[in-house]
Amino acid sequence: MANVVVVDDSEYMVNVLKQFLQSIGHQVVGFGLDGNEGYNLYRKHSPDLMILDLTMPNRHGRECLFDVLDWDPDAKVLIVSTVKNEMTILECLERGAKGFVEKPLKFSSPAFCDEFKTTIENALNG
């Protein structure tokens, strides 16, 4: 079981991710609705994994990712976002994000759920 922080400006998405993570045996120890909250939650909880949206108010997820990695270079962060800009995605991955999953998330598809679970496990394993 991993402790996870979820950061997304959609409360609906936070709840859906929380339900999925719990269904595969993980615990959501905190959730935030913008990059400022995400960074503070990471520092507070030092989770095994952070699931992070990029497009959020107040502080972009990219900035949150960089701050988290500056504070903890070994942080495991999985980007889950609608961002389609390949340069932004590549920059996040090169900087240290452990993966990228494009929204919308299709939890109604068993194949997607299996793939997403594998992606989460891969991110946790570095």
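User: In which loop is the place of Asn58?

Analyst: This is a predicted model, and what follows is computed from it. Asn58 has a phi near 70°, which is a positive value in a residue other than glycine. As for its place in the chain, Asn58 belongs to the loop between S3 and H3.

User: Is Asn58 buried or exposed?

Analyst: A residue is called exposed when its relative accessible area is over 50%. The relative accessible area of Asn58 is 68%, and therefore this residue is exposed.

User: Where is Ser46 found, and how is its relative accessibility classed?

Analyst: Ser46 is not a glycine, and yet it has a positive phi of about 40°. The residue is found in the loop between H2 and S3. Its relative accessibility is 44%, so Ser46 counts as partly exposed.

User: Why is strand S1 largely enclosed by the rest of the structure?

Analyst: Strand S1 covers residues 3–7, and it is largely enclosed because, of its five residues, the number that are buried is four.

User: Which residue in S3 is the bridge partner of Val6?

Analyst: S1 pairs with strand S2 (residues 27–32) in parallel through five bridges, and within S2 the residue opposite Val4 is Val28. S1 also pairs with strand S3 (residues 49–52), again in the parallel sense, over four bridges. In S3, the bridge partner of Val6 is Ile51.

User: What is the handedness of the β-α-β unit that S1, helix H1 and S2 make?

Analyst: The two strands of this unit, S1 and S2, run parallel. Helix H1 spans residues 11–23, and together with S1 and S2 it makes a β-α-β unit that is right-handed.

User: How are H2 and H3 oriented to each other, roughly parallel or roughly antiparallel?

Analyst: Helix H2 (residues 35–45) and helix H3 (residues 61–71) have axes 9 Å apart and pack at an angle of about 20°. H2 passes H3 in a right-handed crossing, and the residues that meet there include Tyr39 and Tyr42 in H2 and Val68 and Trp71 in H3. Angles under 35 degrees count as roughly parallel, and H2 and H3 are therefore roughly parallel.

Note on methods
Residues numbered from 1 in each chain as written. Predicted model: local features only at pLDDT ≥ 70, side-chain atom pairs only at ≥ 80, totals over all residues. Heavy atoms only, no water. Buried < 20%, exposed > 50% of the residue type's maximum accessible area, 1.4 Å probe, protein only. Pairing = 2+ DSSP bridges. Right-handed = clockwise from strand over helix to strand, strands pointing away. Axes fitted to C-alpha atoms, helices over the stretch in contact; angles between N-to-C directions. Parallel < 35°, antiparallel > 145°, perpendicular 65-115°, else oblique. Left-handed = near helix turned anticlockwise from the far one by under 90°. Contact = heavy atoms within 4.5 Å.
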